[in-house]
Structure formats: C-alpha cells, structure tokens
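User: Please go through this structure with me. I want each label set against its cut-off.

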Amino acid sequence: LSEASVGGHVRVLLFWTTSPESFGAQESSVLESIFYHHPQAEVAVFSNTLPTDFFASFALAGYALSVEPYDLRGTLAKHWPADFDFFSAEKSSDFFYSHATDALRFALLYERGGVYMDFDVVLANPLDNLPERWLAFQYSKEHPPKRTNWAARLFDPEDTSTWVVNGAMMAFPPRDPFMARALETVPEVWDPEVWYSIGPQHLTNLLLDRVNARRVPEWEGVAILPMEAVAPVPW
C-alpha cells in the first residue's frame, strides 16, 4: 500500500454519523477484522456523535484506534468554488448526508491517504497485496445487481465498461490526483435529489468511457479490482 501506509502500518479511515447506541456487534466486528489482519494498523473513525473515548477498550489492548471529530463545511468548502451552494441542501435534500460523506471520503483520502472502508465491510483477507491506488467493481458476473436501479439497467455481464465502481472501499496515497479530480468535479455533477450522483456513479464516470467501452486513459493507473478481490463474501 506504499504511501497509504504509515511506517509499514496500514492507515484506515471510516465514518460514523449516527448515535453511539446504534453502534453494535456488526460494527465492532469491522474494527476487529482490521486489527486481526493488521495489528499495527492506524484506524481513525471520523464522527461528531461518538465520544472521543468510545473505543477506550481497543486502546487499552494496545490498538491505534481513535475517534476524530470533523468539520464538514471547513473540510469540503476549501476544495470548491465559493459560489457552490452545497450546504444549503442540508435541510431540503433527503440525500444530503449521503452526499456529504461521499465527498468527505474523497477529501480525507486526498489529504491523509489510506484505505477508506464503510462500516459494513469485514476484512476476510489482509490488504498488503493490493495495489497502491485502487477501487473495486460493485458487481461481477457471479454477483450481478439484485435490485432494479440505474446500475442494473446498465449492467452487461460480458462488458466491464457497463459495471459500476464501488466507493465503499478504496485506497489512495495522500495528494493523489484522482481523488483531487473526484473532489473538484463534485460541483459539476451533484444533484441533491439523486442519491448516487456523487457516489458510485461519479467514480464510475470518471474511470470508465462507456461510449467507447474502455478505461479513461488518464486514470489507467488506478486499479479497478474485481469485486471478489475485496468482497469475496457478499453480505
């Protein structure tokens, strides 16, 4: 993982936006799986709802796990034009916090580097043998889309240029130009009424040229891994 690591230790970034009471056994298993495979990992959970000592038991056991409050507006606004009115949708859009965490993961990966994971990803294998810069497909021939949505309508099992890239788990070094592009182009593609506008659809459109059924040449250095490489057991 090169620069996505710290002194040989993997850096992992996660978000938690709901109450401490909603943090349960599934979420604990996510953290335990990280430290099972990477005992020296440096894990930061970005949250404005969890107390900073929420993971004291992990710290007492010697694991580097911290809760870090974040400044949503301060972190994102510096990357966007002053007239981009993203934050006005906080009270009017049902998808505001989904969009905000999509954009925030781009910003934190750009600024810090590391591996971003959603809190429903349990590591079945270590991360050491993956490329420095990667995302993964959300589907595969063996695991096609289960719901009828925009991704399912595009999906052709024989043509990977129709598949969707998943932002639930990805890794980049600090100051990576792809993360910079993903972040700076949010004002061009954001739709407050469309859930996926700056999530998987945005990442996919940056990486895949569907018209010509190929990778976008500028980003061929970003690996798109098979779904099974990072999610061998869908759940």
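Analyst: The protein chain has nine helices and ten strands. This is a predicted model: local features need pLDDT of at least 70, side-chain atom pairs count only at pLDDT 80 or more, and totals for chains, interfaces and linings use all residues. Residues are numbered from 1 along each chain as its sequence is written, and side-chain values use heavy atoms, with hydrogens and water left out.

User: What makes a run a helix or a strand here?

Analyst: Both are DSSP runs, numbered from the N terminus. Helices are H or I with at least four residues, and strands are E with at least two. Another is α3, residues 72-77, where T75 is found.

User: How do you know that the radius of gyration of the protein chain agrees with a compact globule?

Analyst: The globule rule is 2.2 Å times the number of residues to the power 0.38, and the radius is taken over C-alpha atoms. For 235 residues the rule gives a value near 18 Å; the protein chain has 18 Å, so the two agree. Along the principal axes, the C-alpha atoms fill a box of roughly 55 × 40 × 35 Å.

User: Why is M179 called buried?

Analyst: Buried means under 20% relative accessible area, exposed means over 50%, and partly exposed lies in between (1.4 Å probe, protein chains only). M179 has 0% relative accessibility, so it counts as buried. In the protein chain, 48% of the 235 residues count as buried.

User: Which residues does M179 touch, not counting residues up to four places away in sequence?

Analyst: Contact means heavy atoms within 4.5 Å. By that rule M179 touches F106, L109, Y110, M170 and F172. Over the protein chain, 72% of the contacts with a separation of 6 or more join residues 24 or more positions apart.

User: Why does T75 count as buried?

Analyst: T75 has 11% relative accessibility, so it counts as buried. Leaving aside neighbours within four places in sequence, T75 is in contact with L104, A107, L108 and E111.

User: What makes the F84 and F86 pair tilted?

Analyst: Rings of Phe, Tyr and Trp (its six-membered ring) pair if their centres lie within 6.5 Å. Planes under 30 degrees apart count as stacked, over 60 as edge-to-face, and the rest as tilted. By this rule the count comes to 25 aromatic pairs. F84 and F86 lie 5.9 Å centre to centre with 35° between the planes, and their pair is tilted. Both F84 and F86 are buried.

User: Why is the pair of F96 and Y97 edge-to-face?

Analyst: The ring centres of F96 and Y97 are 5.1 Å apart and the planes stand at 85°, so the pair is edge-to-face. F96 is buried because its relative accessible area is 1%. Y97 has 49% relative accessibility, so it counts as partly exposed.

User: Which residues form one aromatic cluster?

Analyst: One cluster is formed by W16, F23, F35, F54, F55, F58, Y63 and F119.

User: Where does R175 lie, and what is its phi?

Analyst: R175 lies in the loop between β7 (165-172) and α6. Its phi is near 60°, a positive value in a residue other than glycine. Most residues other than glycine have a negative phi. R175 has a relative accessible area of 53%, so it is exposed.

User: Why are P126 and E132 called partly exposed?

Analyst: P126 has a relative accessible area of 40%, so it is partly exposed. E132 has 29% relative accessibility, so it counts as partly exposed. P126 lies in the loop between β5 (114-117) and β6 (134-137), and E132 is found in the loop between β5 and β6. Leaving aside neighbours within four places in sequence, P126 is in contact with H37 and H38. The C-alpha atoms of E132 and V222, 90 residues apart along the chain, are separated by 8.4 Å.
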